[in-house]
Amino acid sequence: PAVGLEKEEGEGNLIPTKRKKRVMVIGGGPAGMWAAKIAAMRDHGVTLYEKEDALGGQVAIAMKGAGREEFGVIIRNERNQLQRLNIPVSLSDPVDVNFILEQDPDAVIIATGILPRKIDIPGQDHPSVLSYIDVLANKAPVGKRVAIIGAGPAGMFTALELVKLHPNLKIAIVEKGPIRQPECPNSVTSGWGGAGAFSDGKLTLSPSVGGQLQDFISADHFDE
């Protein structure tokens with residue numbers, strides 16, 4: 001709610017709580033780290049739990065895509081804030097209901113992120129069907145030919161990373177939406193480039209929409 005109103009409602013205007021609570025934050029991605037920081041700044045006792053061995057969540061996966069190392073700044077900045085506020089962080093520590101009941105916190109903030117969406121098509125449970133997490137984070141083998149369904153940020157980053165690692169790999173990207181055009185503002189949630197936090201226009205196919213695909217491929221290839 002403070003976005004765009006940082007001067008009036010930003011971090012510098014937080015008021016210490018009159019009723020301190022023991023707060024358990026589950027999930028060490030951007031949302032979990034931010035929630036832990038804000039709760040601690042309001043003088044609550046906070047502990048953050050993350051099931052992986054490092055903080056970052058989806059951002060840590062996104063930065064593994066070709067040309068997206070810049071996302072690491074988000075993780076670094078929020079991690080530094082946790083350290084500055086002396087917030088305990090427990091890594092490699094999955095949390096279940098029994099653990100929550102055992103710890104008996106006053107409040108629980110669940111920030112466990114999302115899972116890749118499955119599409120309802122025959123064969124989706126075949127071993128050769130992978131998610132972008134399997135490919136970017138877990139380095140799953142992909143064979144010689146790859147079809148990527150979805151040309152949003154996850155699909156494009158995955159394609160670029162695969163090409164970087166395997167230059168001779170054949171990749172086809174399938175997208176239900178159109179190439180986004182300035183005269184079609186309602187198409188921003190689908191089509192090449194997708195939408196969301198990681199869709200900043202760098203990988204859209206129309207430079208008139210702010211895309212910069214020519215920064216990644218040659219001008220001749222771009223014109224094709």
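Hi everyone. Before we start, one definition: helices here are DSSP runs of H or I with at least four residues, numbered from the N terminus. Please also keep in mind that this is a predicted model.

Four strands make an open sheet, ordered 3-2-1-4, and the pairing is parallel. At the edges we find strand 3, residues 89–90, and strand 4, residues 107–110; each has a single partner strand, so one side of each is left without a neighbour in the sheet. Strand 3 runs parallel to strand 2, residues 45–49, and two bridges join them. If you want a spot to look at, find Tyr-49, which stands opposite Ser-90 in strand 3.

Now, what packs on this sheet? Helix 2 does, touching strand 1 (22–26), strand 2 and strand 4. The direction of helix 2 makes about 170° with that of strand 2.

On to the second largest pocket, with a volume of about 940 Å³. Its lining counts 37 residues, and the closest to the pocket centre are Glu-50, Lys-51, Glu-52, Gly-57 and Thr-112.

Which helices each supply at least two residues of that lining? They are helix 2 (30–41), helix 3 (58–62) and helix 5 (97–103). Helix 3 gives the most, with four residues.

How values were computed:
Residues are numbered from 1 along each chain as its sequence is written. This is a predicted model: local features need pLDDT of at least 70, side-chain atom pairs count only at pLDDT 80 or more; totals for chains, interfaces and linings use all residues. Side-chain values use heavy atoms; hydrogens and water are left out. On a 1 Å grid over the protein atoms alone, a cavity is a set of points where a 1.4 Å probe fits but cannot get out, and a pocket is an open set with protein on both sides within 12 Å along at least five of seven lines; lining residues have an atom within 4 Å of a point. Grid points are joined across faces, edges and corners, and a volume is the space filled by probe spheres set on the points. Two strands pair if DSSP finds at least two bridges between them. Contact means heavy atoms within 4.5 Å. Axes are lines fitted to C-alpha atoms, for helices over the stretch in contact, and angles run from 0 to 180 degrees between N-to-C directions.
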